[in-house]
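Subject: Structure handover

Hello,

Here is the structure I said I would pass on. Please have it open while you read the notes under it.

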Amino acid sequence: MSSPLIKLNSGESIPAIGTWQSKPNDVARAVEAALSNGYRHSDCAWTYGNEREVGEGLRASGVPRSEVFITSKLWGTCHTRVEECLDQTISYVAMNANGNHPVFPTRPNGNRDIDESRELKDTWKDMEATKGRNIGKVKSIGVSNSPLLNDEVAAEVPDNYSLKTPDVLLGYPLAKGMVVLPKSVTLVRIEVNFIGASGTYSKLTAEDVAKLDGVAAGGASLRLLVTPPWGVDLGFDTGPSQLVKM
Ligand SMILES: NC(=O)c1ccc[n+]([C@@H]2O[C@H](COP(=O)([O-])OP(=O)(O)OC[C@H]3O[C@@H](n4cnc5c(N)ncnc54)[C@H](OP(=O)(O)O)[C@@H]3O)[C@@H](O)[C@H]2O)c1
């Protein structure tokens, strides 16, 4: 089974189902298993320090690099150094560099190390410029987010089609034309998530999608609040690491 593709405004087609990683040593194994099961997209992040293991998993899978879309994320520490951060990511994935970054680098006061004075639009301009130079380092740029849905509502949808709730949760963003990155380090879940998401999204009706949209719109989604603290006003109440009903 092959991954559905989503056409980007850059002209590239991005595999709509990807995978994520977890703690060190699980990462390479999960990426290898995912690629062997048909996934063609992995995310990683400078701040997770997991790029090298993504490269390891890619090589171990035997899937050609040209078939795989790798997404990384520019961390707030590096907003004035877009291309330098990109170069570091590329060298880690290519396994030309040693060592890892700390997960969520912090300042001495414990807050996340982010550049508060930097305007996001200026960072975006630098990302556009890096992409625009067409230097073969980046295919596309974009933003990422990870909404979590309330299982109780999602659980009502599959009754209509004999689907499992995780299939609906993964198929829902696909049905909306979004890329989904179903993180799992569990081999059987890596396999069933790919099959379930691929088989579900075309079955969901506009009514199903509207119902699931209503979960987030109604403020009932779950949000993970994490530490260390951001140290800036994010516009909503942040707290200790926990899952809260919004
Ligand atoms: N959270 C964020 O702020 C954020 C921001 C930007 C991008 N992302 C990206 O979004 C992706 C997903 O991140 P996330 O935060 O949503 O992941 P997550 O909640 O940290 O991990 C998903 C959890 O679901 C479990 N799971 C996976 N498949 C399952 C199944 N079929 N049945 C039951 N449980 C299952 C996994 O368990 P096992 O691994 O043990 O199987 C894991 O505990 C990642 O690629 C991440 O990099 C996240």
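This is a predicted model: local features need pLDDT of at least 70, side-chain atom pairs count only at pLDDT 80 or more; totals for chains, interfaces and linings use all residues.

Helices α6 and α7

Helix α6 covers residues 165-175 and helix α7 covers residues 187-200; their axes lie 8 Å apart, and the two pack at an angle of about 55°. An angle of that value makes α6 oblique to α7. The crossing of the pair is right-handed. On the α6 side the contact is formed by P166, D167, V168, L170, G171 and L174, and on the α7 side by N193, G196, A197 and T200. Sorted by class, the residues of this contact are five nonpolar, four polar and one charged.

Helices α3 and α4

The second pair is helix α3 (residues 82-93) with helix α4 (residues 120-132), whose axes cross at roughly 55° and come within 9 Å. These two helices are therefore oblique to each other as well. From α3, the residues V82, E83 and L86 meet T123, D126, M127 and T130 of α4. This contact has three nonpolar residues, two polar ones and two charged ones.

Helix α1

Helix α1 runs over residues 26-36 and is mostly covered, with eight of its 11 residues buried. Which residues of α1 are the buried ones? They are V27, A28, A30, V31, E32, A33, A34 and L35. As for what they pack against, the partners of the buried α1 residues are β3 (41-43), α2 (51-61) and α7. Just after α1 comes G38, which takes a positive phi of about 110°.

Y48

The UniProt record, an unreviewed entry, places the feature "active site" at Y48. An annotation of this kind may be inferred rather than shown by experiment. In the model, Y48 sits in the loop between β3 and α2. Is Y48 buried or exposed? The cut-off for buried is 20 or more other C-beta atoms within 10 Å. Y48 has 24 C-beta neighbours inside 10 Å, so Y48 counts as buried.

Regards

Key. Residues are numbered from 1 along each chain as its sequence is written. Axes are lines fitted to C-alpha atoms, for helices over the stretch in contact, and angles run from 0 to 180 degrees between N-to-C directions. Helices (H or I, at least four residues) and strands (E, at least two) are DSSP runs, numbered from the N terminus. Angles under 35 degrees count as roughly parallel, over 145 as roughly antiparallel, 65 to 115 as roughly perpendicular and the rest as oblique. A crossing is left-handed if the near helix is turned anticlockwise from the far one by less than a right angle, and right-handed if clockwise. Two residues are in contact if their C-beta atoms, placed from the backbone, lie within 7 Å. Ala, Val, Leu, Ile, Met, Phe, Trp, Tyr, Cys and Pro count as nonpolar, Asp, Glu, Lys and Arg as charged, and the others, Gly among them, as polar. A residue is buried if 20 or more other C-beta atoms lie within 10 Å of its own, exposed if 12 or fewer, and partly exposed in between; C-beta atoms are placed from the backbone.
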